[in-house]
Amino acid sequence: MSDEFKVRFWGVRGSYPTPGAGTVKYGGNTASVEVCAGKHTIVLDAGTGIIPLGRALARTKRAGEILLLFSHLHHDHTQGFPFFVPAYMPGARLHIYGPDGTHESMKNVLERNQSSETFPIGLREMASSKDIQALRESQVIVWDEDGVRVAESALGVSEDAVLIRIHKSYAHPGGVFVYRITWRGKSVVYATDTEGYVGTDKRLVKFAKDADLLIHDAQYLDEHYRGQLEGFPATQGFGHSTVTMACEVAASARVGQLVLFHHDPSYSDDVIAGLENTAKTLFAESTSAYEGLEIDLTPDVSPARRGEKMPMRLQSSVTHGRDVQYAQNG
Ligand SMILES: [Zn+2]
Ligand SMILES: [Zn+2]
């Protein structure tokens, strides 16, 4: 159990939750991903997916110490936190880290989300102990036998420590943190809420180089992004990627697997399945994230993928998805 390195998806939707008959396959909860590295539990973002995750954690010893990393503080990445059960547990210790600013400014955002006008229970009234810190891109997070700490470099970090590096993307309103979590030689990169550039986001490609798993924003069909999808405005500049942009980063960075993440709330299961098919033609090892998806990165269990990837074909445009149906909330 404590040798496992697993990534589980609890919320995969962007912008707002989307319950309903058209979204049961991939799920309607907003962003939240659990990473278990040995006995350490890291949670990426607190969209509504963190609510069922919290209930599951509360039944285990893992609720005792949790590292919660915010990519940024937009509503779809924070709205589940007031309902996160471990936050109410007196014995639980939460390390809540997020993008730059000051510790105070980050705490203020979370407090405002639970002000008396908007929520009955304030942040301070939640019984867990909370270590809230705003980080800088140059810093690293280390979790080893001595606990969780923020360091200025990875020098001297033990081989068995969980090491988390930060990349700041400016391709989203207000900026966003991309995290790379490495443990025992395996790594996962979480790159949500970021928009691709013409010719690929080269800084991100460098940051994600050779990762075993890349979780990348793929909110839009290419024709939607370009304004060629009937009934939908163009979305260039909104801070989210197309499926092609996500595949370009995955291919250029030579990652092992790509998970398409932050699905558009107007897309039904059929649309997302089509989007996944398109992705597979661009980058073979692609999967559309769904609630309940679990990826095992445990060393010696997941196949050594580096250097043995399928030939891949990159296209400049995608024609798929015209004939798909949209969810009734679209
Ligand atoms: Zn978002
Ligand atoms: Zn956002």
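## The zinc site of ligand 2

In this predicted model, the site of the zinc ion (ligand 2) is irregular, with angles of 89 to 176° among its four donor atoms. Four donors count as tetrahedral only if all angles lie between 85 and 135 degrees. The donors are His72 (NE2), His74 (ND1), His172 (NE2) and Asp193 (OD), at 2.1 to 2.6 Å from the ion. Along the chain they follow the spacing H-x1-H-x97-H-x20-D.

His72 belongs to the loop between β4 and β5 (93–98), and His172 to the loop between β9 and β10; the pair therefore ties together parts that are 100 residues apart in sequence. His72 is buried, at 3% relative accessibility, and His172 is buried as well, with a relative accessible area of 6%.

A distance of 3.6 Å separates the zinc ion (ligand 2) from the zinc ion (ligand 1), and Asp193 coordinates both.

Ala171 is located in the loop between β9 (162–169) and β10 (176–183). Its relative accessible area is 10%, and because values under 20% count as buried, Ala171 is a buried residue.

Beyond its neighbours within four places in sequence, Ala171 contacts Asp193, Thr194, Glu195, Tyr197 and Gly239. The C-alpha atoms of Ala171 and Ser241 are 9.5 Å apart, although 70 residues separate the two along the chain.

## The buried face of helix α1

Helix α1 spans residues 50–58, and its buried residues are Ile50, Ile51, Leu53, Gly54 and Leu57. Viewed down the axis of α1, these residues fall within an arc of 160°, so they line one face of the helix. Among the elements that cover them are β1 (5–11), β2 (32–37), β3 (40–44) and β4 (65–69).

How values were computed. Residues numbered from 1 in each chain as written. Chains lettered and ligands numbered in written order. Predicted model: local features only at pLDDT ≥ 70, side-chain atom pairs only at ≥ 80, totals over all residues. Heavy atoms only, no water. Helix = DSSP H or I, 4+ residues; strand = E, 2+ residues; numbered from the N terminus. Buried < 20%, exposed > 50% of the residue type's maximum accessible area, 1.4 Å probe, protein only. Contact = heavy atoms within 4.5 Å. Arc of directions from axis to C-beta. Donors = N, O, S within 2.8 Å, 3.2 Å for Na, K, Ca; no water. Tetrahedral: all angles 85-135°; square planar, octahedral: opposite > 155°, others 65-115°.
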